[in-house]
2 protein chains.
Amino acid sequence: MAVTLADVATRAGVSAATVSRVLSGNYPVAGATRTRVMRAVEELQYVVNGPASALAAATSDLVGVLVNDIADPFFGIIASAVQSEMGTGAPGTGQQKLAVVCNTGGSTESELTYLTHLQRQRAAAVVLTGSGVEDEKHGAALASRLRRLAAGGTRIVLCGRPPLAPPEQKPQHKDAEHKDVQHRHHGERQARSGRGKERRETLEDQAPGPRDDEHQASDTGDGIVTIAFDNRGGSRRLTEHLLSLGHRSIGYVTGPADRTTTRDRLEGHRLALRAGAPELLAQAEQFTVHGGAYDRSSGYDGALELLRRVPDLTAVLAANDTVALGICAALRDQGLRIPEDVSVAGFDDLPFSADACPTLTTVRIPLHDAGARAGRLALGRETPPPGGVATVRTELMARGSTAPPSGSRN
Amino acid sequence: MAVTLADVATRAGVSAATVSRVLSGNYPVAGATRTRVMRAVEELQYVVNGPASALAAATSDLVGVLVNDIADPFFGIIASAVQSEMGTGAPGTGQQKLAVVCNTGGSTESELTYLTHLQRQRAAAVVLTGSGVEDEKHGAALASRLRRLAAGGTRIVLCGRPPLAPPEQKPQHKDAEHKDVQHRHHGERQARSGRGKERRETLEDQAPGPRDDEHQASDTGDGIVTIAFDNRGGSRRLTEHLLSLGHRSIGYVTGPADRTTTRDRLEGHRLALRAGAPELLAQAEQFTVHGGAYDRSSGYDGALELLRRVPDLTAVLAANDTVALGICAALRDQGLRIPEDVSVAGFDDLPFSADACPTLTTVRIPLHDAGARAGRLALGRETPPPGGVATVRTELMARGSTAPPSGSRN
DNA sequence: CTGTTAGCGCCTTCAT
DNA sequence: ATGAAGGCGCTAACAG
């Protein structure tokens with residue numbers, strides 16, 4: 001059917017092996033022969049058969065990038081950055097890796113499906129971006145599949161999610177875990193599986209700077225590299241910002257309940273409360289609305305709910321910038337002014353945040369840099385951080401949507 | 001190295017052929033045997049070798065989605081929609097196609113590279129989204145590669161760009177073409193290559209509705225399907241909106257000069273001027289700034305340049321919503337109020353536009369619907385439109401950023 | 001430098 | 001319903 005290597009070889013009067021060598025360019029070939037072959041290739045419009053080539057060479061130039069929501073610029077920016085690192089090496093040499101982005105839609109099944117496909121294709125690397133789902137079963141399935149992939153030579157990079165939990169521990173005291181789920185938002189939940197630490201109790205003593213130490217102990221030696229975001233530290237600083245402005249009635253619209261990012265940001269918030277305004281912790285749950293998604297309507301609905309529960313609200317934190325926009329819209333629709341009546345803050349500092357109305361106070365994550373680094377790591381072009389985990393800093397961007405509470409409304 | 005079909009066969013005490021049949025599920029196999037095989041697969045954690053399978057079967061379940069800028073929600077939304085149509089068929093049956101999105105960055109080289117790769121992989125389909133580059137050479141190269149792909153059984157869908165020009169025509173009168181490039185923004189440029197029509201001259205007589213007729217003659221019978229956006233019609237209605245508000249000093253910050261979308265939107269603008277305020281056409285070029293990209297900074301810089309050229313500007317049209325945000329920022333930085341001093345309008349109606357400051361008047365393109373349809377077309381699950389081309393309607397979204405000119409400023 | 005020779009792992013007739 | 005065997009198109013040792 002299609003034209004094959006053999007056809008080109010015949011046309012050029014050489015053997016198939018020679019054609020192959022010319023094409024892959026990793027072997028000396030006489031100049032004259034090379035041009036003859038190239039001409040035959042042109043004339044026949046020959047295109048290598050990928051599967052055949054991959055089968056014989058047992059390698060692939062595919063790099064998979066898994067994202068939760070490709071329509072969300074958060075992921076678009078990361079994916080774009082990852083991809084920008086792939087194009088190294090002269091175009092002809094076949095040195096280029098191909099980054100393909102796979103949209104999981106946040107579904108664990110879909111995540112596994114893509115992983116399977118990537119494994120089928122013997123992908124050179126896969127980058128998993130964004131918050132993971134905190135489901136014990138899925139977590140285990142994911143971790144084991146990732147380890148298998150890594151063992152098979154596929155480089156694995158986690159970007160924007162915490163590192164994998166160590167493999168050997170068996171699910172212990174399931175009951176405690178269940179209780180934990182219910183109480184996790186009281187700021188008293190246990191440390192994450194297998195990495196208990198009491199030091200959080202003394203957090204008040206620490207400077208509010210980035211906290212890189214959360215994951216230091218998790219080098220499981222499986223070669224899986226992680227670029228984590230300092231969601232907790234950023235969220236903490238954001239809440240501190242509000243507290244220092246004088247807010248004492250601070251609502252929070254979270255992301256989906258089962259996501260690592262949701263949890264980390266909420267934890268940061270609670271840590272700041274505990275340190276700066278412990279009296280607010282008691283009613284924290286009342287001030288927290290759990291959004292169903294990282295989208296605008298979650299923010300809109302969440303804000304309305306919050307207003308219902310807490311009429312004298314003076315500030316609202318959002319799961320991310322998109323949610324914040326929804327919150328702003330709801331507040332406006334209720335006749336409230338931002339920031340005069342209510343302050344609002346987002347997270348991520350996506351490009352549109354600086355153009356929102358008013359400009360949005362948020363926490364900047366260097367998404368592009370993180371993605372680029374993940375890309376380099378995926379290609380093995382950068383040495384992994386010690387322990388296999390790096391945490392990128394986040395930065396408070398105080399803008400127009402936050403201000404001191406007016407003290408009087410309506 | 002990895003576990004193979006043969007390993008599974010041995011473990012299950014059957015032949016490799018049987019395992020293959022069980023896995024692909026397209027052949028009768030005894031129930032007992034099937035379960036035995038499945039168990040072996042589980043125990044061995046067997047994963048099919050994609051390349052080998054593709055080689056032997058000469059098929060692939062890959063669908064490529066090419067986008068110009070994955071960090072831009074415009075593309076994210078389309079890609080997400082395309083992908084949402086892939087998941088049909090029971091998960092186990094292997095009926096699922098895998099959509100992978102490839103970020104070309106708007107580079108023609110990169111576009112071709114990805115296409116080559118997809119061709120190598122014998123992709124089942126490829127969807128090209130967003131505006132194409134209007135380069136004669138690239139256009140030809142792209143068209144021929146696309147036709148070859150289509151001939152090889154890969155379904156091709158164009159989404160958001162005009163259909164391919166017919167193949168047989170040779171590049172005629174290059175001189176005229178060059179002149180054309182210089183003068184194309186005077187509203188008098190020739191019709192696109194090979195499809196001359198004089199009817200545009202009489203456009204004033206037509207209703208300002210969508211114009212589906214532009215591409216009707218381009219069914220080249222190659223099976224390549226197109227979902228075009230009515231950029232021209234939308235842009236025209238947008239300008240009519242401004243004219244009807246009373247604006248007579250209307251600037252335009254375009255997208256990159258060589259993109260089909262840029263051209264179509266600008267044409268729609270000029271058509272509206274000709275029909276509603278022909279006296280403005282003479283100075284049209286002065287009121288037009290050619291932005292370098294579809295991004296915020298293009299808008300920012302473009303607005304400043306426009307203000308320099310036309311101090312009494314009362315309205316600015318943007319290449320798209322992102323550019324519009326940049327324009328708004330620049331205007332604000334110059335101490336101008338929107339829309340009191342200057343009206344601003346975007347294009348696309350991306351999600352953030354409704355939350356911009358002020359809310360952005362724009363033209364809505366049903367990106368999700370278009371993408372979903374492209375996805376169905378790519379799978380052959382929807383019958384192609386007559387002539388192979390469908391044009392999706394666009395809708396004017398008049399919001400807060402446009403208002404009648406105040407008539408006095410400073 | 002170039003040709004020859006084996007597979008890579010799977011699918012698919014063809015037998016059984 | 002299952003097994004045996006050939007080949008998909010290419011690459012990677014080996015010769016020469």
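The model is predicted, and local features are described only at pLDDT of at least 70 and side-chain atom pairs only at pLDDT 80 or more, whereas totals for chains, interfaces and linings use all residues. Residues are numbered from 1 along each chain as its sequence is written, chains are lettered from A and ligands numbered from 1 in the order in which they are written, and side-chain values use heavy atoms, with hydrogens and water left out.

View 1. Sugar or phosphate accounts for 65% of the atoms of DNA strand D within 4 Å of the protein, and bases account for the rest. Two or more residues of this surface come from each of α2 (16-24) and α4 (50-57) of chain A and α2 (16-24) and α4 (50-57) of chain B, and α4(A) contributes the largest share, 5 residues; helices here are DSSP runs (H or I, at least four residues), numbered from the N terminus. By class, the surface near DNA strand D holds 15 nonpolar, 8 polar and 2 charged residues, where Ala, Val, Leu, Ile, Met, Phe, Trp, Tyr, Cys and Pro count as nonpolar, Asp, Glu, Lys and Arg as charged, and the others, Gly among them, as polar.

**View 2. Individual atom pairs at DNA strand D.** At a base, the side chain of B:Arg21 places an N or O atom 2.7 Å from a nitrogen of DNA strand D.

**View 3. Surroundings of DNA strand C.** DNA strand C is surrounded by 24 residues, the closest being A:Thr18, A:Arg21, A:Thr33, B:Leu5 and B:Tyr46, and 60% of its atoms within 4 Å of the protein belong to sugar or phosphate, the rest to bases. A base nitrogen of DNA strand C is 2.6 Å from a polar side-chain atom of A:Arg21, a base oxygen is 3.4 Å from a polar backbone atom of A:Ala56, and a phosphate oxygen is 2.8 Å from a polar side-chain atom of B:Ser20. The surface near DNA strand C receives the most from α4(B), with 5 residues.

**View 4. Packing of α5(B) against α13(B).** The axes of helix α5 (residues 73-84) and helix α13 (residues 367-379), both of chain B, come within 7 Å and cross at roughly 40 degrees, the axes being lines fitted to C-alpha atoms over the stretch in contact and the angles running from 0 to 180 degrees between N-to-C directions. The two helices α5(B) and α13(B) are therefore oblique to each other, a term for angles that are not under 35 degrees (roughly parallel), over 145 (roughly antiparallel) or 65 to 115 (roughly perpendicular). Residues in contact (heavy atoms within 4.5 Å) include B:Phe74 and B:Ile77 of α5(B) and B:Leu367 and B:His368 of α13(B), and the residues of this contact divide into 8 nonpolar, 3 polar and no charged.

**View 5. Packing of α2(A) against α3(A).** Helix α2(A) and helix α3 (residues 31-44) of chain A pack at an angle of about 90 degrees, with their axes 10 Å apart, which makes α2(A) roughly perpendicular to α3(A).

Terms used
A residue is near a molecule or strand if one of its heavy atoms lies within 4 Å of it. A polar contact is a pair of N or O atoms within 3.5 Å; within protein, one must be able to donate a hydrogen and the other to accept it, and residues adjacent in sequence count only if both atoms are side-chain atoms.
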